Structures are given as structure tokens and as C-alpha cells.
Amino acid sequence: MSHLIRMSRRRLLASGGKAAVFVAATGIAPQFIRPGRAFAADALAPGMTGGPTGFDGAERYQYGPDTPEGRAVEAAKALKAAGKAPAKIVLGLSDGSIGQLTKPFPAGAPSIKDLWEKETGIQIEIVGLPNGQEFTKTMQDISTKGGAYDIYSTEWNRLGDLAETGGIAKLDDFVAKHKPEWDDPKQGYVNGAKGVSLLNQYRGSTYGVSLDGDFQTWVYRADLFGDAAEQKAFKDKYGYDLAPPKTWKQHSDVAAFFQRPDKGLFGSTDLRNQGWGYTNWYQRYVSMASPNQFLFGDDGKPLINSEQGIAATKEYVDSLAHHSPDAISWGWPEQYGNFAKGGAAMTCAFSNLPKFLDNAGNKDSAVTGKIGSMLPPGREIDGKLISRSVLWFSLTGMVSSQSKNPEAAYLLLQWLGSARIYAWMSANPGGYLDPFRLSDFADPLVRQTYHAYHMDVVRETVARTVPTINYPGATAFHNALDENLMASLTKAKTPEQAMADTEREWKKIARRIGEDKLLEAIKTNKEAWPTVLDPIS
């Protein structure tokens, strides 16, 4: 998908969203960076063998030897002592996330990078990758056998395509040996083993370690929804109380009510552009059956050219009436910039929107203190509410098959992606790596950075999230869907034509990949889909 991203995070620096987002990234820190109590350089809490020091609460991120973090560090030290460790591990990382590894946080703390190097004696060389080009750079290294990296970091749903190229290493043996505990019921991934399957695995084997939580989350203008005059006007018109919508029908009503372009206000600005917008089509489509409307049947046949697929596409197109006239060209920088100016009643975005925009340090945000979070809209089926979101982008660390030190590279990933280190890292406002583990949602620094009201909703959104396609041909499948949705949005095709043409392309892709291989991948992918059903209130 990277080649479809017309507005990358890097290009935000040249866009109108610059003030809305990047000022916030620097302005957020003073809210909770404060001098820590005096610590000696290595003043660890009793029983702890590693972790950060130098700030209040540092002990939350320290670890003993029999923890995923401690085992990773001790194993790396053992490799070093035996002369089997590299002098450095080369990590290719999105430009926008480097700061979370290199900038100390909070005041008095070491950086993530410095702590690893001090504890293991193995340096981390970070090679910045242009935001939006992570997959392209990874494929270049694989196809040319360049061997420039020990670790790639790219979108999570590239695991299938990259595993099939042989360009990334299978990590099962390292996982068994070093025990990362990703499925821990208190600190691990939401939905336990299902969450691990969703984020780290392909066809039942581990090929990656999640380093990001790009679960698409809905937010709204709490000040508008709580305004007495707005509430009265809405009830007079629609006959029920104004509230964050629980169904897509309610969402349509609320968006239409707040659509006031002459006053600089749009009803809903969930994205519609190429490369990004189809995730919002996903949410509408997958909620059309209980517990989910799947993309493929168990026999591997596409299901999108159906009553459900056509209805979801029609809704997707019709909803343009509640957007900016330029909606099909908006990327997330325009979306964030508009929301910061108070230009939308609702939107669906990365979970970091309140982190940047509900922030007293961001003087360019007009919505500080005025944002609320809500679960995704859904559909009432068989007496239950089917509410679904989607995971999109979300950087995952993968060990290059060309690495001469794959175990050391894996150990760094286990350490970075562990409960204690990841919570500390994702709380750092210096980058885009967002929280997603159970331990993150309860962590005080994370909750202060992202806001307590938001973290509780993000946790529940993760539990209701479907994966995008994550098996061989993922790029081709998504490109075909994306192109046909764009054709439908621009009226070049009807919703019926768009779904029929998508089905035709998907069948060609399936034949090219091999249907037997695809069936196995579809089966394991389905195991990660949510089963949460909500009561209708």
C-alpha cells in the first residue's frame, strides 16, 4: 500500500497539519515531564536487574532476570560473552518513530537506545526510513540481497507477502527459547493468543514483533454533543437524544445534522482517499453479519460481490455528503489539521489524535479539552450490536533473513516489544508508536500522554478490531479493492460494478498465488477476528 499513500507522514512537515500535529508533539511533554527524585546511576528497585532509572516511577519499567525483558538482556549478554554477538544491530525504522528510541523520557531518564546498549554492550544503529516507504525499502533490500539491515520495520499486514519471499526469518525457535509472554492475561496482547496471531503471526508461525498500535479509533467533539441547544435541535429533528452514535444509521443522522460547511464544520471526516480510505469501508462491511462479515469464504471464494458488499459500498459513497468537498484527496495530515481547528464533529483516526490535539501545549489546537472517544458504530443483528474497527499500517519489527545475527536481532525486538519497555517507549511523545498491550492501557505515563478517557475506549476498540488482509497477495488484494472504491466514489462505477470488478480481480490474484496456500492463510487469519457482541441499549 505504501506506493498508494499520497500524503506521507514526512510530507506533513510541508502541509497545513504541521502546527496541528508537530507543535503538539513538542508541546505535550511539559505536562508530565518533571524532575525525578535523586537516583544513583544504577539504583534499581530490590530484585530488579535492569531497566531505566532517574525519574519518579522508574521502577514500573524495571525487570528481573525471569521476565521477557530480563531474559532478552541476559541472552544478549551471553551471546556477547561467547563472542557470538554483533558489535551492532542495524534497525530500519520509520523516520517519525526514531525519537521514541533516541530521546530520553521523562526528564532524568536514559533513552531506550542508550539503556539497551549499556545493558548488553551491543549498539543499535538506526537507519531512518521515509514515512510511507518502509515496505518499498524493505523489498529493495530483499530483492537486491543488499543485507543492509538486521531488522526491518514495516506494516503489520506485509508479514504474509514478506514471509513468502523468504526475506524475513521465521522466529518460532527464538520465541520458544526466550518466552516473550505476549499472551500474558494481565500484560499481554488484547485477546491473548488471538491478539498474538493477529499481530505477529502468519500461517501459524511467528514472523514479527508488533511495535505499534494503529487501531483505528473514533473521536468526537464533546463540546458540540454536550451543548444544550444542539441537543434540543437534534431531538426535535430526529426524535431521539443526541449522543455518540452506536449504529451506522445514527452515525449518518449525526453527521448530517452537523454538516455545516458554510460555518467551517463537517459532520464526519473519516478518510476517503486512496491508500487510506478503504479501512473505513472495512468497518462498514465487516459489521454486516454476526459475529463478522468475512471477506472470503472458507472455500477461498470472495464474498464482497454480495448484498453486504454492495450495501457497504453504497453507504461509503453516500457518506461523502457529510465530508469536505475535497474528501477523496484528504490524508491524515488534512484530517488532523481540520479537527484541530474545530472543523469536524466526528472522525476515525489513529489512536494518537487526542495525544496531539487534546493538549494544552499545542497552542494551535482549538479542541483541547473538547474531545471524546467512542466505540465504532455498528449494526443491530439478532438482538446484538456488531461494532467493528480495523487495524491499519501499524509497524512491526521483522528479522531479515540476511542478518548474520538473527537471534541477537530477535532479542532486541523481544525487549522493545515487552510489557515494561514498550509502555515506557509508547508514552514518549517523540514518535508515532502507539500503545496496544493490556499493560499500556493501565500505565500512568501512557494514560497521561494519551488521556485516560481515550485509553479505555482504545482498549475496547482493540477487542473489536478485525485484521486487514494478511496473507500472500495482500498488496494486490488491497490495491484492487482500493481502486474500485475510488472509482465508485468518483462515480466512474456504480457500487455494483465496483464490487463485481473487485471480485473478478481477487479471483485472478487467488489463482496466481495458489488456492491451497491461500485457503490455509485465510483459515489462520479468521482465527484472529473478534467475537465480541454488545448489548443493544
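Buried means under 20% relative accessible area, exposed over 50% and partly exposed in between, with a 1.4 Å probe and protein chains only. The model is predicted, so local features need pLDDT of at least 70 and side-chain atom pairs count only at pLDDT 80 or more, while totals for chains, interfaces and linings use all residues. Residues are numbered from 1 along each chain as its sequence is written, and side-chain values use heavy atoms, without hydrogens and water.

**View 1. Strand E9 and its partner E7.** Strand E9 (residues 371-374) is covered on both faces. Ile-371 and Ser-373 are buried on one side, and Gly-372 and Met-374 on the other. Strand E7 (residues 217-221) runs antiparallel to E9 and is joined to E9 by four bridges; Tyr-220 has Gly-372 as its bridge partner in E9. Strands are DSSP runs (E, at least two residues), as are helices (H or I, at least four), numbered from the N terminus; two strands pair if DSSP finds at least two bridges between them.

**View 2. The open sheet E10-E11-E15.** Three strands make up this antiparallel open sheet, in the order E10-E11-E15. Strands E10 (378-381) and E15 (534-535) are at the edges with a single partner strand each, so one side of each lacks a neighbour in the sheet. Four bridges link E10 to E11 (residues 384-387), and Gly-378 lies opposite Ser-387 in E11.

**View 3. The contact of helices H10 and H11.** Contact (heavy atoms within 4.5 Å) involves Glu-230, Ala-233, Phe-234 and Tyr-238 of H10 and Asp-253, Val-254, Ala-256, Phe-257 and Phe-258 of H11.
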